[in-house]
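Thanks for coming. Please have the sequence and the structure open.

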Amino acid sequence: MKSIASIAAELEGYDPQALSASNVNAFLSRLIEPVTDHEVVGIFQALGRVLSEDMTSPISVPAHDNSAMDGYAFDGVQLSAQAPLTLVVVGTALAGKAWSGIVKSGECVKIMTGAIMPPGLNTVVPQEFVTRHMEPTTGATEAATKPEVIVVPAGLLTIGDNRRQLGEDLLAGHPALQKGELLTPAALGLLASLGIEMLPVWRKLRVAYFSTGDEILSLGEPPREGAVYDSNRYTVFGLLTRLGCEVIDMGVVRDEPALLEAAFIRAAGEADAIITSGGVSVGEADYTKAMMKKLGDVAFWKIAMRPGRPMAVGRIGKSVLFGLPGNPVAVMVTFLAFVRPALLKMMGSTADSPPLLKARSLEALRKKPGRTEYQRGTVTTAPDGSLRVRTTGNQGSGVLSSMVRANGLIVLHHSQGNVTVGDEVDVMMFDGVI
């Protein structure tokens, strides 16, 4: 387990008094170690969990060549680009039951979506694209024996169209999902399609959280002069719950050494990670920082960013510590930019960070090079299909209403300067996170 000093020595340009956002993530990637305990859970309990083993497909999907739509199946070698194709319908293939007849040249089978393709047939024409009529016949039983005939227009299809091939989704014995993948609704559906009910996953990450400060009120307490209600506790709870963590809510801890020491010791004994808000800024009561130093190996940073400049990171016992600023928006920004990626790695996830989207700014933005800025923004779609973004107004780090109205953060990078109207900017979207 590397010390804070040894990790810092590995980073070029490491300056705790002016740390770039990229160096923060580089530091955390060296500090974090994934959990090693795993368990097996039912598929209904697996949403948001991380696979601890590769999942191999026990069957092929689909298990047979089958039709991709309702229509008529035939041997596509008969198709011609110059002339329509006339086919006699000799049977009907339904989903869930194989049709066992023989289909000759000039014949076809009416087929439903998902039905197994009869032997020798490889192409399906959708039913809405054909013309149908009854073939002329003679005899006393003419009305009862007239076969259905279809005509496929020339140039409409090529051989193999509208056929799903055996194993085109997954082949038996091949990887379906890999260790470290996050189990999304789509992933659960994929595993269910393979008949897999029980899934091996890393255990849930346990994260303890508490707010610090004598000025913080818990919900239910009466208002008092100079005090504010604790919003951070509920925001962090929501962020951690969305991430799939087991949250240990420790409430508000007053600025008293004995209370802070007891809280940190309890958190370190119960959790993989500890998150606090408040008590890490210059000029604040130093009880929180002093206790972090006393109990653990901790670095105190001034990050070149806005909002969210002060942050503490380190370990107390075996728990990773994230000391976040006290302002509500700064808590969310530092969580999204730094803590969330670190916790995902601790959960065993190997997923890359979501890509930043490009959007054109609808307003001029003032920005000095030398720090990363995260401005709350609303992304919309322009008539031409491109993305555009504007800020949600007051960008103060205590203005929660502008965070509520935002659907993403405009990321103005470290070396970036002013933005003019129409310039492209990067956006970190919130969907599924906040």
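By salt bridge I mean a side-chain nitrogen of Lys or Arg within 4 Å of a carboxyl oxygen of Asp or Glu. With that rule, the structure holds 13 salt bridges. The background is simple: side chains of opposite charge can pair when their charged atoms come close.

Some housekeeping before the details. This is a predicted model, in which local features need pLDDT of at least 70 and side-chain atom pairs count only at pLDDT 80 or more, while totals for chains, interfaces and linings use all residues. Residues are numbered from 1 along each chain as its sequence is written, and side-chain values use heavy atoms, with hydrogens and water left out.

Two more terms. Helices (H or I, at least four residues) and strands (E, at least two) are DSSP runs, numbered from the N terminus. Buried means under 20% relative accessible area, exposed means over 50%, and partly exposed is in between, with a 1.4 Å probe and protein chains only.

In one of them, the side chains of Arg30 and Glu10 meet at 2.9 Å, N to O. Arg30 counts as partly exposed at 32% relative accessibility, and Glu10 counts as partly exposed at 38%.

Another salt bridge is formed by Asp37 and Arg203, whose closest N and O atoms are 3.3 Å apart. Here the two residues are 166 apart in the chain: Asp37 is in the loop between α2 and β1 (38-42), and Arg203 is in the loop between β12 (198-202) and β13. Which of these two residues is buried, and which is partly exposed? Asp37 is partly exposed, with a relative accessible area of 42%, whereas Arg203 is buried at 15%.

Then there is Asp65 with Arg163, where the closest N and O atoms are 3.8 Å apart. Asp65 lies in the loop between β2 (55-56) and β3 (66-67) and Arg163 in strand β10 (residues 163-164), so the pair ties together parts that are 98 residues apart in sequence. Asp65 counts as partly exposed at 25%, and Arg163 is partly exposed at 22%. As for shared partners, salt bridges join Lys2, Glu10 and Arg30 into one network.

Next, the rings. Rings of Phe, Tyr and Trp (its six-membered ring) pair if their centres lie within 6.5 Å; planes under 30 degrees apart count as stacked, over 60 as edge-to-face and the rest as tilted. How many aromatic pairs does this rule give? The count comes to 3. For Phe27 and Trp301, the ring centres are 5.0 Å apart and the planes are at 85°, so the pair is edge-to-face. Phe27 sits in helix α2 (residues 21-31) and Trp301 in strand β18 (residues 297-302), 274 residues apart. Phe27 is buried at 0% relative accessible area, and Trp301 is buried at 3%.

Phe210 and Phe264 are also edge-to-face, at 5.2 Å centre to centre with 70° between the planes. That pair links strand β13, which holds Phe210, to helix α6 (residues 257-270), which holds Phe264, across 54 residues.

Back to the other cluster: ring pairs link Tyr14, Phe27 and Trp301. Tyr14 is found in the loop between α1 (4-10) and α2. A polar contact of 2.9 Å also joins the side chains of Tyr14 and Trp301. For a polar contact I require a pair of N or O atoms within 3.5 Å; within protein, one must be able to donate a hydrogen and the other to accept it, and residues adjacent in sequence count only if both atoms are side-chain atoms.

Now the serine. Ser211 is in strand β13 (residues 206-212) and is buried, with a relative accessible area of 2%. Its side chain makes a polar contact of 3.0 Å with that of Tyr209. Not counting residues up to four places away in sequence, Ser211 touches several residues, including Asp230, Arg233 and Ser277.

Last, the surface. Leu219 is in the loop between β14 (216-217) and β15 (228-229), and at 56% relative accessibility it counts as exposed. Leu219, Tyr229 and Tyr234 form a nonpolar patch with about 300 Å² of accessible area together. Patches are made of residues with over 30% relative accessible area and no salt bridge, where like charges are joined within 9 Å and nonpolar side chains (Val, Leu, Ile, Met, Phe, Trp, Tyr) within 5 Å. Accessible areas come from the Shrake-Rupley method with a 1.4 Å probe, and for residues only the protein chains shown count as cover.

Terms used: Contact means heavy atoms within 4.5 Å.
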